[in-house]
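Welcome to this guided tour. Open your viewer, keep the selection tool handy, and let's walk through the molecule stop by stop.

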Amino acid sequence: MLLICVLGSACARDEPGPSRPVIAVAGPSAAASGTGGVFPSASPDPTGVIAFPPRNEPYAFRQELELKYRDGLRRQPSSTYVDLEGDIVWTQEYLRYRLNQCDHATATQKVLDQIDGRGIAPVCGNPPAGGPVAFPPRNEPYAFRQELEARYRDGLRRPATSSYADIEGSIVWTQEYLRYRVNRCGHDAATRKVLDQIDGRGIAPTCMDALSGFWDGTSTYFNAPFTMDVWLNGTNIVGRYVDRHDIGYIGGTYSGGTKVLILVNFGDTGIGFDGEFDGPDRIRGTIRGGPIGGTYPFTMTRRP
């Protein structure tokens, strides 16, 4: 089968590494559920490492990818023995091993052992400090995905189902989504960056700049606490804001420095976060505007 990518360079390219290294990746936080084998629920790896996203978020991405292939690319369904949940859970688990120093054969065997009920084996080591998170070449995750197909068909005896995203498209874009996630992008940012690639808008950088990332905020403002999934499109601030009562869309501009103004639009009203960096991963400042007016102090901290 020939892999068809809307943007060819997205399927085989080297991007300059992020400016801040991600040292290790923790095991999945997923609980056993659904179809597709006995899913991992705990990890024997050491604590204190940087975690892969919880399983529901890559699964939500995989559903978005399915819709993009069906409605955007107008692809016809292709046959597969691996359902969507099994596809995303075991692909993520394979890549978790690969990012933590396991070679292709070892990572594949560790995942197949999990499927066979032999438990969750530890990773093989930590990536070297001081460098970017290195993902494997595309042919190796694709070879794993073929092994997974065979295991579902011959080992688990699963019936054939169908997917609009073929095996190669699924593995390429899932890996790309997870590359953004382990380089500090939140779910919304990583999903948007991958869908933009599919639409031919180029390869967006990861979220290792000063502002991008997923932020948790507190304030005396009545809607707090809040979260922001922020990324930069050039100097334009983009993202999604969620608090106890509202969901809004983020705007503004940022070209560097310690001061930043983040605008949140709720459609009928909006608020502004006028802040200043207090270290690399904390912003403090004042919330202005909103339906009740006034000013309120806030602090927001970026998740690792």
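Start by selecting C185 and C207: with 95° about the S-S bond, their link is right-handed. C185 lies in the loop between helix 5 (167–182) and helix 6, and C207 in the loop between helix 6 and strand 5 (213–219), so the pair ties together parts that are 22 residues apart in sequence. The sulfur atoms of C185 and C207 sit 2.0 Å from each other, which makes a disulfide (a pair of cysteine sulfur atoms within 2.5 Å). Both C185 and C207 are buried (under 20% relative accessible area; exposed is over 50% and partly exposed in between, using a 1.4 Å probe and protein chains only).

A note before you go on: this is a predicted model, where local features need pLDDT of at least 70 and side-chain atom pairs count only at pLDDT 80 or more, while totals for chains, interfaces and linings use all residues. Residues are numbered from 1 along each chain as its sequence is written, and side-chain values use heavy atoms, leaving out hydrogens and water.

Is C102 buried or exposed? C102 is buried, at 3% relative accessible area, whereas C124 is partly exposed at 38%.

Now show helices and strands (DSSP runs numbered from the N terminus: helices are H or I with at least four residues, strands E with at least two). Select helix 6 (residues 187–198), which lies across strand 6 (226–233) and strand 7 (236–243) and runs at about 30° to strand 6. Here contact means heavy atoms within 4.5 Å, and angles run from 0 to 180 degrees between N-to-C directions of axes fitted to C-alpha atoms, for helices over the stretch in contact.

Next, select strands 5-6-7-8-9-10-11-12, a closed barrel of eight strands with antiparallel pairing (two strands pair if DSSP finds at least two bridges between them). Neighbouring strands of this sheet are turned by 30° against each other on average, direction ignored.

A hairpin of three residues joins strand 7 to strand 8, and R240 stands opposite Y249 in strand 8. From Y249, step to N265, its bridge partner in strand 9. From N265, step to G270, its bridge partner in strand 10.
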